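Work through the exercises below with the sequence and the structure open. Each task is followed by a solution in steps.

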Amino acid sequence: MNVSRISMKNYARMMQLSGSASIDGSLIFDGVHLDLPHGEWTCLLGASGVGKSTILKLFAGLREGIDFHGQLRSEPRHIALMAQDDLLLPWLSTSDNVSIGSRLRGEKPDVDKVSDVLKRVGLRDHGKKKPHALSGGQRQRAALARTLMEDCPIVLLDEPFSALDAVTRANMQELTTSVLSGCTVLLVTHDPGEAARLGQNIFIMRKHGLQKIKSPSGSIPRSIDDHEVMKSQAELLKELRSGT
């Protein structure tokens, strides 16, 4: 799964957004400038409705209904998007859900690759199961496997773990950072603890710009009980509550 990542750095240079956006005439955000450093995790926090998911959509090339003014450097062909909902098709097996991208493009799924990806996310023995037979954590792992099948150097994550219980969420955070090692990742989250664990670059989004918050030291995923992580979590929560 390394072929498309050879030129990852070139794609990462294109990931930049600067400007303002409106929907149906209502301003969503302005004065935003965001660069996604190559091979790092960038976490974006902020109140609901401030435009975090809009930024993901713009990077992903999903501009319908969004009136954007400014500069946008991206490469949607090399971006994978993982949403909060797993969006698994209930009539397909886990394996078929994981390979849905190939099927939609009219390509023959790579059976060996599907098997390898399922193994990487711990679902090797669940490929024939339908989504209803999977737990919440297993469904999210299937969604992660589907993302990995696209083998993209840039991954956008829109609150993918928010519906999981605390233990499963922590496990998924660790699994995702492992399997997306080397990728350029933008994670939208409402969870200060998640940002403190995973963020190498952390921003709080306001309606009129971004506030950069110093991230804890150490490689990700950082330990939940690390002193710097807990301190960063508290600082992030304080800033989010201030609304300034």
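Two strands count as paired if DSSP finds at least two bridges between them. The model used here is predicted.

**Exercise 1. Find which strands pair with β6, and in which sense.**

Solution. 
- Step 1. Start with β5, residues 79-82: 4 bridges join β5 to β6, and the two run parallel.

**Exercise 2. Decide whether β6 is enclosed or open to the outside.**

Solution. 
- Step 1. Sort the side chains by direction: Ile154, Leu156 and Asp158 point one way from β6, while Val155 and Leu157 point the other way.
- Step 2. Check burial, for which the cut-off is under 20% relative accessible area. The residues on both sides are buried.
- Step 3. Conclude: 5 of the 5 residues of β6 are buried, so β6 is largely enclosed by the rest of the structure.

**Exercise 3. Describe the largest nonpolar core and the place of leucine 180 in it.**

Solution. 
- Step 1. The core has 35 residues, and Trp41, Leu144 and Leu180 touch the most other members.
- Step 2. Elements that each supply at least two of its residues include β3, α5, β6 and α7. The most comes from α6, which gives 6 residues.
- Step 3. Leaving aside neighbours within four places in sequence, leucine 180 is in contact with Trp41, Leu148, Val155 and Val185.
- Step 4. Apart from this core lies another, of 24 residues, with Leu44, Leu58, Phe68 and Leu186 among them.

**Exercise 4. Examine α7: its span, its start and its packing.**

Solution. 
- Step 1. α7 has 14 residues and reaches 20 Å from its first C-alpha to its last, close to the 20 Å expected at 1.5 Å a residue.
- Step 2. Buried residues of α7 include Ala170, Met172, Leu175 and Val179. The buried residues of the helix pack against β3, α5, α6, β6 and α8.

**Exercise 5. Give the strand order of the open sheet of 3 strands and find its edges.**

Solution. 
- Step 1. The order is β2-β1-β4, with antiparallel pairing.
- Step 2. β2 and β4 each have a single partner strand, so one side of each is left without a neighbour in the sheet.
- Step 3. β1 and β2 pair over 7 bridges, and serine 18 stands opposite histidine 33 in β2.

Key
Residues numbered from 1 in each chain as written. Predicted model: local features only at pLDDT ≥ 70, side-chain atom pairs only at ≥ 80, totals over all residues. Heavy atoms only, no water. Core = buried A, V, L, I, M, F, W, Y, C linked by side-chain atoms within 4.5 Å. Buried < 20%, exposed > 50% of the residue type's maximum accessible area, 1.4 Å probe, protein only. Contact = heavy atoms within 4.5 Å. Expected span 1.5 Å × (residues − 1). Polar contact = N/O pair within 3.5 Å; in protein donor to acceptor, adjacent residues only side chain to side chain.
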